[in-house]
Amino acid sequence: RRHSSDSESEPEEPSSSEEEMEEQKQETAQSSASDLNSAAKPGEGVEEAAGNQKPAGPGAPVCRAASSKAPHKPAVFVPVDRTPEVQEARLKLPILAEEQVIMEAISENPIVIICGETGSGKTTQVPQFLYEAGYASSNCAIGITEPRRVAAVSMSQRVAKEMNLSHRVVSYQIRYEGNVTDETRIKFMTDGVLLKEIQKDFMLSKYKVIIIDEAHERSMYTDILIGLLSRIVPLRKKKGLPLKLIVMSATLRVEDFTDNKRLFPVTPPVIQVDARQFPVTVHFNKKTPLDDYSGECFRKVCKIHRMLPSGGILVFLTGQAEVHSLCRRLRKAFPFHKNTTTGGGDDKEDSVEEIRRFKKSRKRKKVMTLPKIDLDNYSVVPVDEGDEDRDAETDDDDIAGSDTDLDLGDGHSEEDEKPDSSLPLYVLPLYSLLAPEKQAKVFRAPPPGTRLCVVATNVAETSLTIPGIKYVVDCGKVKKRFYDKITGVSSFRVTWISQASANQRAGRAGRTEPGHCYRLYSSAVFMDFEKFSPPEITNRPVEDLILQMKALNIEKVVNFPFPTPPPAEALAAAEEVLVALGALKEPPKTGRLKQQLAAKLSCPISPLGRIMATFPVAPRYAKMLALSRQHDCLPYTITIVAAMTVRELFEEFDRRVMSEEETAKLKEKKGRLLQMQKIWAGQGPMQKLGDLMVMLGAVGACEYAGCTRKFCEENGLRYKAVLEIRRLRGQLTTAVNSVCSDAGLYVDPKMKPPTEAQATYLRQIVLAGLGDHLARRVQAEELLDDKWKNAYKTALLDDPVFIHPSSVLFKQLPEFVVYQEIIETTKLYMKGVSAVEPEWIPALLPPYCHFGKPLENPPPSYCPETGRIRCHRPSVFYRVSWQLPAVEVD
Ligand code: CDP
Ligand code: MG
């Protein structure tokens, strides 16, 4: 059963009797106990174990079991009843050949790094190795973290299936849901879930092994977990309950973990799993197309399909709209009656306009060879009713390719055609938001006699391995969200990928046989690429992370052993926001400047901050929740916060590649949504809550209507978002109830609309949470030039910002507003806007106010730490009596 690349180590026989197993368990217990006598320092015990192994370093992160050592004997063997098919498939995975080496390293070292190509079997097999070697017991599970929710769910299902075990034993936990039971032995979860668990139980005593998977993705929580675990592992050893840490990564920049003495004082061993990788010939374009890389992809795929022998094609594009648009183009270029190969089913989608365009282009391009289809028959293909770009919801059924081919006028004559050109093309989209069952299609073999063509975003780069890919078409770009480190202003930009990503993408072509990668950019451009993409933590605001760390009593965040530390200005900006929100205690303003500065970067958490940290949402939203226990506002705040967290509740109407007919339909839908939004915005004081009232109204209306897909489609809501908001409302309600045992809240999906008074309280609550996102309209006398017309000034930006045209307050231009976020497109736009009254500001946001002269009526004292306003006398301004659950206030 055990395979080893080392001929000296014979496969172990599984122990048969239970007695034997029990004996061996005791042996393991003793040997681990003897480890404990030494002092526990991070990474301790690695050195002697690593022995004569090569220290891992840049360029040589490979280590193998020292052949002079006695072969590793697994002390325990827990049998797993796999089906012969599963067993056969497993044996083909490269990681199986390294099982012996991996298990030896884990048994001898507290921390082990496993590197291997995507698809080598790390995620599915390592948990099984550990399970069989007895690392899971009734009170100690094996935990695996994934940066993506999809991966946590699908991998738990895959492993359960391979091991022939129920989901009660191999389970998952993600933000909204899970199927963990008392019997759970292998638990897949998102990295955020484990971070929350560390807050409750710093020692992670429920686990014997923690696997941090996909570490190369460098997601923010993964980075932070590795930092925390580098300290938890020695602490557990000290306590006599050793914890194993396994970091798994694709072969990308391991040096950030291995060459980081602050993180791991003793370099952990790195096991390299050699995947069978076939040579991939890389073809660069002579010229780099400026904009139309999508069109270039289309031409390349056509050419490959027409000229090259069989083998799957994988195209990398940047976003889901692009993915769908290319899928559509390819399917139209290679129309095909599905029932001729797959049998049954309607050939969906097509549009009159597209056919017209196709006919036109045929006329225009003289060199184009005639497709072997009857163009007049084309028009009998039913017109697609759905909106294709609704991606996850759209039924992108198997629309297979065609029995035809298309010459694109690239100079090749018909004589160039290879026999393959008559193969139908089986086109599938792939991106992370796609429903899992549709993602799963790429794993299945394409219908016989077709060529697979997957059009993907960069999810196909490392997270998923598609079998049978021989050709990769790489546009060289990726769509990323960029944040301003200080202001948090974000924008989506399409940028060049890194060299590492480009190589990773190319590698996808050589999994089963030698392949080809077509890069749609020149080699000179490639040489200018960054070597690696920057880790997420260096590229986004970190206030949520800092609050979580402070809740773990890590005060001096700058001293934390980050694999890559966030920029100092991002850390400072985060502490400042958290102090202003009252989540951190204010630093003293006396003493030396240097001391003051140091204090500013190590503020301890406040009682309010502790409450905020228990809510699984951004700190600004968490503050709103913490302040909402009054006037029955909580259910409304919970709904608003859930809607803001889930984002994109409303359909975006993408007009690209649309026929006239489709555009007309779209206009109608858009009109309907605008009309509904006006209704949801309500009247009078409600209306002033602005876009947040619209979200509240939309969720409320949808729940009243039974939360059906039909209602969502008719009214421009994203069904998936609505379901997610519902789940998050449930989760936030549970969180509020656990902080405040007497709240006795329950989720009533069909909540009544808020009263006018409640709407006003809600605006105050929103102001208290989004206080640093306050904007004031520029008055006529302040107009510097035309670019400031209808503009707003914010505390953090010098440039004018505007209310987004999609906002219900777009035309009303209230004097003061708070916004959910600023997005930079053609201008700086505020989204999620609510109006606030100026007189609330001194009371709720004293740090943001400058008082020119002493006020005649000073605002009642406000305690930012508790959010409590002490009203010395009745005041028309301060109608809110802030009440915090579980905080003592005078
Ligand atoms: O983690 P790593 O990328 O090293 O590989 P893995 O995710 O464990 O996948 C191992 C193999 O299982 C690959 O060849 C996948 O294509 C296959 N697999 C699958 O067929 N279906 C899944 N749901 C997951 C994995
Ligand atoms: Mg994996």
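Tutor: Two strands are said to pair if DSSP finds at least two bridges between them. The structure discussed here is a predicted model.

Student: In which sense do strand β16 and strand β19 pair?

Tutor: Strand β16 covers residues 774-777, and strand β19 covers residues 816-824. Two strands need at least two bridges to pair, and β16 and β19 have three. Within this pairing, L774 has V818 of β19 as its bridge partner. The sense in which β16 and β19 pair is antiparallel.

Student: Which residue in β17 is the bridge partner of R776?

Tutor: Strand β17 (residues 792-794) pairs with β16 in the antiparallel sense, over three bridges. In β17, the residue that partners R776 is K793.

Student: Which residue in β6 does I210 stand opposite?

Tutor: Strand β5 (residues 207-212) and strand β6 (residues 244-249) pair in the parallel sense, with four bridges between them. The residue of β6 opposite I210 is L245.

Student: Which element supplies the largest share of the shell around ligand 1?

Tutor: Ligand 1 is surrounded by 15 residues, and K122, T123, T124, R158 and T465 are the closest. By class, the shell has three nonpolar, ten polar and two charged residues. At least two residues come from each of α5 (122-132) and α6 (149-163). The largest share, four residues, is supplied by α5.

Student: Why is one side of β8 and of β10 left without a neighbour in the sheet?

Tutor: Both strands belong to an open sheet of six strands with parallel pairing, in the order β8-β15-β12-β9-β11-β10. Because β8 (280-284) and β10 (425-430) stand at the edges, each has a single partner strand.

Student: Which residue in β15 is the bridge partner of F284?

Tutor: β8 and strand β15 (residues 515-519) run parallel and are joined by five bridges. In β15, the bridge partner of F284 is R519.

Student: Is the crossing of α22 and α29 right-handed or left-handed?

Tutor: The axes of helix α22 (residues 619-626) and helix α29 (residues 756-769) come within 8 Å and cross at roughly 140°. This angle makes α22 oblique to α29. In their contact, R620, Y621, K623 and M624 of α22 meet I765, V766, A768 and G769 of α29. The crossing is right-handed.

Student: At roughly what angle do the axes of helix α10 and helix α11 cross?

Tutor: Helix α10 (residues 293-307) and helix α11 (residues 320-333) have axes that come within 10 Å. Their contact includes F298 and V301 of α10, and L326 and L330 of α11. By class, the contact has seven nonpolar, two polar and two charged residues. The axes cross at roughly 35°.

Conventions:
Residues numbered from 1 in each chain as written. Chains lettered and ligands numbered in written order. Predicted model: local features only at pLDDT ≥ 70, side-chain atom pairs only at ≥ 80, totals over all residues. Near = placed C-beta within 6 Å. Nonpolar A, V, L, I, M, F, W, Y, C, P; charged D, E, K, R; others polar. Axes fitted to C-alpha atoms, helices over the stretch in contact; angles between N-to-C directions. Parallel < 35°, antiparallel > 145°, perpendicular 65-115°, else oblique. Left-handed = near helix turned anticlockwise from the far one by under 90°. Contact = placed C-beta atoms within 7 Å.
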